[in-house]
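Hi,

Here is the structure I promised to pass on. Have a look at it first, and then read my notes below.

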Amino acid sequence: MDLVHPNCINAPSPHRQTSHSRTRISGSGPWRRKGFSPTQVLSLAAVSGAESSRNGAVSSRRTEATSGTNGNVLQLGKSSSALELLDIERGVCVPFRKYSPETVKSKVLESRGAILSLILRGVEIVWNLGLYWSNLMYDFLVGRDEEVVPYRARQLRNLLCDLGPSFIKAGQVLANRPDIIREDYMNELCILQDDVPPFPNQVAFSIIEEELGQPLEAVFSKISCQTIAAASLGQVYRATLKGTGEDVAIKVQRPGIEPIIYRDLFLFRTLASFLNGISLQKLGCNAELIVDEFGEKLLEELDYTLEARNLEDFVENFKSDPTVKIPQVYRNLSGSRVLVMEWIDGIRCTNPKAIKEAGIDVEGFLTVGVSAALRQLLEFGLFHGDPHPGNIFALRDGRIAYVDFGNVAVLSQLNKQILIDAVVHAVNEDYAEMANDFTRLGFLASGTDVSPIIPALEAIWQNSAGKGLSDFNFRSVTGKFNQLVYNYPIRIPERFSLVIRSLLTQEGICFTLKPDFKFLEVAYPYVAKRLLTDPNPALRERLIQVLFKDGSFQWKRLGNLIVLAKENVAKMSTNPAFQVNMQRSRQLEVEKKLDLTDTIKDGARLFFIDEGIRRQLLLALTEDSKLHIEELLDVYRLVEDQIDMPTVAVEVARDFPTVVRDLMLSWANSVLYDR
């Protein structure tokens, strides 16, 4: 086949930008000074990585998806202690994996000349990293380490590119790890997320034909002669389907990449076994755990059948949301090395001029984007792990579109609940419990004394929140948190590193499009609505914790929650993207009112069944030796236009027999317990 396909689409690869805001951390060289030697840090840094596991409805997909390119499911026999720790930390159990240390070892050593290949590769890695380290030491000794930082950062990026896909991927991960590497180096490594040299078209077209089992001309009427994007593991072309005329994106994996990845992972883990003691002391976990996080995620990203399932999961999650566009995947044209998906014709989020010229309401678009990000994080627990500007587009009807689902991450139900606990503890200014939440989330090793961290958390939150909602931003909080990471043995679990990056990147996009945009002015109303209306009983329990502080009922806080929740409903129901797409689909319904029916039902149930809640609510109405009727009426006035009282009364009446039954069971249990 010709190098340039005869029916080329003229689609030059656009210049990509990445919006990352980092806080400068002083010190020589790219690493954080936490007691690591530079060689050790570079070794650890190269193997820092991600985890992605499914829970709930997604778990069945994941189990199915863990078959390798040969269709064989790789079952983890005896788990290593690091992998067991990962599962405990996540709150999930993964019965099948593509990755395990045993699997990697057997894959590497089964080939002829494996030992010689490992030795040569090890020498190459040590030589190149050692040479780079010697240059850094020379800079430090002659006192010019700070002036040559931009040059050394570019040199590190080029070095990682030269060392191959595993190191490019490691560099991408390092771009989000303030606990390991300093800010200016992180900013340079961000370029690796978008600007990676492509491999030849002829090779890519051959791989596509191998996966399709037929010539390109039989499937596509046109295909671009230039890559639309190139990444560490693959690159993307634009094409047109011959049968339907639909435009599609074709993602092709780099040739011969799998054996290289397995070999490098084996070397990484071998080296990590010698660094466990240092890593435990400085990061609170062993180095093998970091390698296992990286390896597990990397092998999943190598199989495009998993990315196809990620796409399907996102399509399912957002199927009833007319403001979000997820591309459809063509499963019959996709395989483990090739992924064909719907082409997204949108405008880059870093081009505010083009967005305004297209007539898109910027404020409405940003509201849609923030809400979509929060839904992924707090509602679905499945979120896009790499939402840089090249992966997010504004559609001309006001929708937000996401592409590239190779890097997604999952929060288990337990993780989500702990995150919400942390928000509640922050609202209630309970910093001791916030510190314990860090341990429960895996930032601190179990058994760590959190007492020294409590004052630091208090200072971070009070200084940031004290400025007010209008001046609050994640960038400033993250900068202060980086200092906390520097001073204490805190490891940022990769899924939360992705969460932090996701929030920072999307906040950066918001500031690019609208410099005075207030991220929390959209986020707060969404969280308030979830606390008040979410069907998850665990969230209702958190609502009660928010409304009571030191035994006193917070009437003003309840009023503020209702006002914010109503604001969220109003913003979304009048959003231009909502209105346009509602007209196209009669199946979708706009939520024009704050539906508190289930909340009122649960409240009535708790009042009758839970003696402690009943006592607290009665005390709330009579505290300070007065009846708080006026406060109750104020709350009612806020919701009276949102509630259909006859409907609520009918629902409460329907639930009454169940409430009576639960009340009798509760009474019987208390009698038996007293005896």
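Predicted model: local features only at pLDDT ≥ 70, side-chain atom pairs only at ≥ 80, totals over all residues.

What classes of residue line the second largest cavity? Nine are nonpolar, two are polar and none is charged. You can check that yourself, as the lining is made up of Cys349, Phe365, Leu366, Gly369, Val370, Ile392, Ile400, Gln506, Ile509, Cys510 and Phe519. Helices H16 and H21 (494–513) each supply at least two of the lining residues, and H16 gives the most, with four.

Helix H16 (residues 362–380) lies across E5, strand E9 (392–394) and E10, running at about 45 degrees to E10. The sheet itself is open and has four strands, in the order E5-E10-E9-E7, with mixed pairing. Strand E5 (324–325) and strand E7 (347–348) are at the edges with a single partner strand each, so one side of each has no neighbour in the sheet. E5 and strand E10 (residues 400–402) run parallel and are joined by two bridges.

Now for a pair of helices. Helix H7 (residues 165–174) packs against helix H11 (residues 257–272) at an angle of about 65 degrees, and their axes are 9 Å apart. Which residues make the contact? From H7 they are Pro165, Ser166 and Phe167, and from H11 they are Ile257, Ile260, Ile261, Asp264 and Phe268. Sorted by class, this contact of H7 with H11 has six nonpolar residues, one polar and one charged.

Last up, salt bridges: a search of the whole structure turns up 24 of them. One joins the side chains of Lys251 and Glu307, at 2.8 Å from N to O. Lys251 sits in strand E4 (residues 247–253) and Glu307 in helix H14 (residues 304–317), so this pair ties together parts that are 56 residues apart in sequence.

Cheers

Definitions and conventions
Residues numbered from 1 in each chain as written. Heavy atoms only, no water. Pairing = 2+ DSSP bridges. Contact = heavy atoms within 4.5 Å. Axes fitted to C-alpha atoms, helices over the stretch in contact; angles between N-to-C directions. 1 Å grid on protein atoms, 1.4 Å probe; cavity = no way out; pocket = protein on both sides within 12 Å on 5 of 7 lines; lining within 4 Å. Nonpolar A, V, L, I, M, F, W, Y, C, P; charged D, E, K, R; others polar. Salt bridge = Lys/Arg side-chain N within 4 Å of Asp/Glu carboxyl O.
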